[in-house]
Amino acid sequence: MPAPDTRPPFATLGGVLPAALHTLPTPCYLLDEGALRRNAELLGALAQRTGCKILLAQKAFSNYNLYPLLAPHLTGTEASGLYEARLGAEEMPGGEVHVFCAAYRDDEMDELLRYADHIVFNSPAQLAKFGAKVKAAGKSVGLRINPECSTQDGHAIYDPCAPGSRLGTTRAAWDAAVAQNPALPQLLDGLHFHTLCEQDADALAVTLDAVAEKFGDILPKMQWVNFGGGHHITRPGYDIETLTHCIARAQNAWGVTVYLEPGEACALNAGYLLTRVLDVVQNGGTTVAILDASAACHMPDVIEMPYRPPLLFAGDAGQKPCTVRLAGPTCLAGDVIGDYGLDAVPRAGDLLVFGDMAIYTTCKNNTFNGMPLPAICVRDEAGNVRELVRFGYRDFKARLGR
């Protein structure tokens with residue numbers, strides 16, 4: 001038996017492979033109630049201590065069966081469109097529903113107004129088009145701003161402040177729009193910015209300086225400001241003190257309510273992807289284990305980000321006696337999860353457990369190549385496992401026709 005794996009993604013398993021996991025179908029997502037509850041409690045304590053309001057960004061985690069664990073500690077949900085807004089309203093009843101979309105459809109706005117409390121627009125044109133209607137419906141109106149302050153390194157696809165970004169309104173664009181339509185400012189209740197991705201509070205502090213420089217004259221006229229997501233608040237070692245200072249700075253300088261809408265922080269290290277080895281092949285000096293889980297289908301951020309998810313009992317390539325490339329079964333040549341250091345080359349049938357698989361997985365997976373969607377199971381704080389849902393051929397076929 002290997003020594004316990006004490007890394008945070010495997011803490012709720014006690015760093016071991018519980019016997020109950022061997023009975024689960026693979027591939028399978030396993031959501032951890034204990035980790036979700038602890039994340040929610042940490043976020044709730046921050047909100048209580050600072051007076052900020054925290055929303056669940058459903059784009060990262062939308063397994064609504066677990067919302068009752070989060071709801072007591074959060075203000076509500078954040079949505080990226082109509083369906084997520086409806087999900088938040090239905091499954092976290094009584095919570096606020098905030099929506100941001102890069103552009104809204106005419107034929108969805110009436111229905112969206114049934115579910116949303118706050119609607120944030122991406123551009124002055126969209127604000128001018130829908131703002132009065134939203135305000136007449138008694139909803140809060142916001143504008144996403146672009147402070148033109150990049151704090152990310154190497155992840156341009158996730159940087160809303162990258163040159164030519166489609167996300168958020170620059171100060172120059174706002175001033176030009178107001179010159180053409182002086183009534184625009186009267187439509188606004190708040191400003192929203194979202195510039196971070198898996199970052200600490202030092203990046204937020206730098207961003208807040210840019211927001212103050214470019215929009216500081218507007219903010220005292222607002223009721224709220226939304227700091228967006230990308231805050232890794234529940235990660236061990238995160239700088240809570242600096243985040244607290246940033247919240248207080250906005251409250252004191254501008255007299256606004258501060259919202260945060262983390263996605264990853266709500267479900268960080270709160271889930272696993274279980275998979276079994278199907279075959280092991282050798283190509284020159286590279287040993288490849290082919291799994292029944294796919295990077296392309298079941299953890300697409302591995303390819304898009306890209307990143308290498310943690311694996312129970314494994315290290316980096318070269319850290320252990322064997323280095324093995326773990327890959328999926330699809331026809332995509334790049335369906336590769338990563339190279340891992342292992343104590344021994346795995347054999348067909350071996351069970352492997354990837355960590356931090358609650359985020360951007362169940363809400364983002366796909367059926368490319370006709371790959372089955374993994375079952376979704378839940379592990380409670382006593383270690384008991386129950387199945388939430390299992391998918392099959394009908395689920396694959398229903399996405400392609402009727």
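The legends below describe close-up views of a predicted model. Local features need pLDDT of at least 70 and side-chain atom pairs count only at pLDDT 80 or more, while totals for chains, interfaces and linings use all residues. Residues are numbered from 1 along each chain as its sequence is written, and side-chain values use heavy atoms, with hydrogens and water left out.

**View 1. Nonpolar cores.** The largest nonpolar core has 97 residues, and Phe 227, Leu 326 and Phe 354 have the most contacts inside it. Apart from it lies another core of 14 residues, including Leu 30 and Tyr 272. A nonpolar core is a set of buried Ala, Val, Leu, Ile, Met, Phe, Trp, Tyr and Cys residues joined through side-chain atoms within 4.5 Å. Buried means under 20% relative accessible area, exposed over 50%, and partly exposed in between (1.4 Å probe, protein chains only).

**View 2. Asp 32 in strand S1.** Asp 32 belongs to strand S1 (residues 28-32) and is buried, at 3% relative accessible area. Strands (E, at least two residues) and helices (H or I, at least four) are DSSP runs numbered from the N terminus. Not counting residues up to four places away in sequence, Asp 32 touches Thr 12, Ala 270, Gly 271, Tyr 272 and Arg 379; contact means heavy atoms within 4.5 Å.

**View 3. Ser 165 and its polar contacts.** Ser 165 sits in the loop between strand S6 (140-144) and helix H6 (171-180) and is partly exposed, with a relative accessible area of 26%. Its side chain reaches the backbone oxygen of Pro 160 at 2.6 Å.

View 4. Cis peptide bonds join Thr 26 to Pro 27, with omega about -5°, and Met 305 to Pro 306, with omega about -15°. Pro 306 is in the loop between helix H12 (301-304) and strand S12 (315-316). Phi is positive at Asn 269, near 55°, and at Asp 356, about 55°. Asn 269 is buried, at 14% relative accessible area, and Asp 356 is buried at 15%. Most residues other than glycine have a negative phi, and most peptide bonds are trans.

Key. Polar contact = N/O pair within 3.5 Å; in protein donor to acceptor, adjacent residues only side chain to side chain.
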